[in-house]
Amino acid sequence: MMPSRRSVIAGLGSIAAAPWVVTPAMAATHNGLIFQAGPLGRCDEDKIGGPIVKWHPTEKTWWMWYYCRDKSWPKDVAPAFGSGRVALAKSDDGIKWTRVDGPLSMGSVFEPSRDPNTFDSDHLASGDVLFHDGEWIMSYFGGDATLPKEIGGVPVPEGYQFKGYRGRPGIARSKDGINWTRVKGKGTGGASVDIGNYIYGGFPNIFHDGKRFLMAYAMLHPRVFYWETHVAESTNLEDWTVIGELKWETEPAIWELGGSVTRHVLRNPKRSGPKWLMTYSALDSRFQFYPRSIAAAGSDDGLTWRRLFDQPVLTKGPVNAWDSAGASYSYLVPVAGKLHLYYYGWKEEATPVEPSRAIGLAISDDGDLTKFLKVPTGT
């Protein structure tokens, strides 16, 4: 049986945003930046992340769902995530975006459940959106008021002893992409799956392989040294069966020894090569805070993957850049022969520029996964 990446690693050593004035000095520090926190009074006035970009077949425009948090959000709820609600923006070119006022609190389109017994009562965040059989399907994750201090007899690190970190994946569906209905799962509090003795299961992506839905999601153990990716399958979005960990044909590169938190899977737009493509966040455990970069993999069945290149396809920005601390949460979109790679970036604490976290874009003009360039400031 093929060893998991986790066992291998253990063996190794266990711009519709608020406007800004572009100056020459900002040109290098803000390359890639296309969307940042919104105006006061909106659900996204404080933090944003997790871009999910889809072509709307009826409107003939680009839609982007993203998770967000306003300034009044309790500081003791999953503070590192920036999750809270889900908002929506639209674009004609996939670069310049306009916010859409949704029907829920502060302009959001999806928000936590008001039932304290549900798994997503304290916060939630988008994971992926799929258009299938005439409806939109969202995979997301959320957390409740449980305060994790010890799980399965293992103490939880202080940095995760906050409400909301006991996150679980869920599913919602919509006819218009704006008004969403939860699909109650068989897991705790209506979640799609349970997470056992892990701190959280989060950041789920979803796709349909022609026979079933496959959902992959990050799992973090209280010992916190490696972010696993687990996979579940379903034919009806309600009953999910956990298959196990995502399988790899290739051993991890040195810059991804910490595992992966987020990923996006799509059918390969090219006739040659693997049937499925995946871009994923790679965590580098050699450094403090496990800095993220974005890598690419291929698969013929959506379950067993092989890394396509020896280096990441997108890395964090230079010192003092808005994305100097990391690039993660990628979303790969084919656009007229090009590839748009949307991502979530954030800065080092000492970096003086703003924003502190935002959404970026890099483009490969010829569709080559190794030739992404971050869009110039002010594009």
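Two strands count as paired if DSSP finds at least two bridges between them. In this predicted model, strand E19 (residues 292–299) and strand E20 (residues 304–307) are joined by 2 bridges and run antiparallel. The protein has 24 strands and 2 helices.

**Sheet pairing**

- Strands E19 and E20 belong to an open sheet of 5 strands, ordered E16-E20-E19-E18-E17, with mixed pairing.
- The edges of this sheet are strand E16 (247–248) and strand E17 (263–267), each of which pairs on one side only.
- Between E19 and E20, which are joined by 2 bridges, Gly298 has Arg306 of E20 as its bridge partner.
- In general, the strands of a sheet pair through backbone hydrogen bonds, in a parallel or an antiparallel way.

**Overall dimensions**

- With 2 helices and 24 strands, the protein has a radius of gyration of 19 Å; the globule rule gives 21 Å for 379 residues, and the two values are close, so the protein is as compact as a globular protein of that length.
- Taken along the principal axes, the box filled by the C-alpha atoms is roughly 55 × 45 × 45 Å.

- Buried residues make up 60% of the 379 in the protein.

Terms used:
Residues numbered from 1 in each chain as written. Predicted model: local features only at pLDDT ≥ 70, side-chain atom pairs only at ≥ 80, totals over all residues. Heavy atoms only, no water. Helix = DSSP H or I, 4+ residues; strand = E, 2+ residues; numbered from the N terminus. Rg over C-alpha atoms; globule rule 2.2 N^0.38 Å. Buried < 20%, exposed > 50% of the residue type's maximum accessible area, 1.4 Å probe, protein only.
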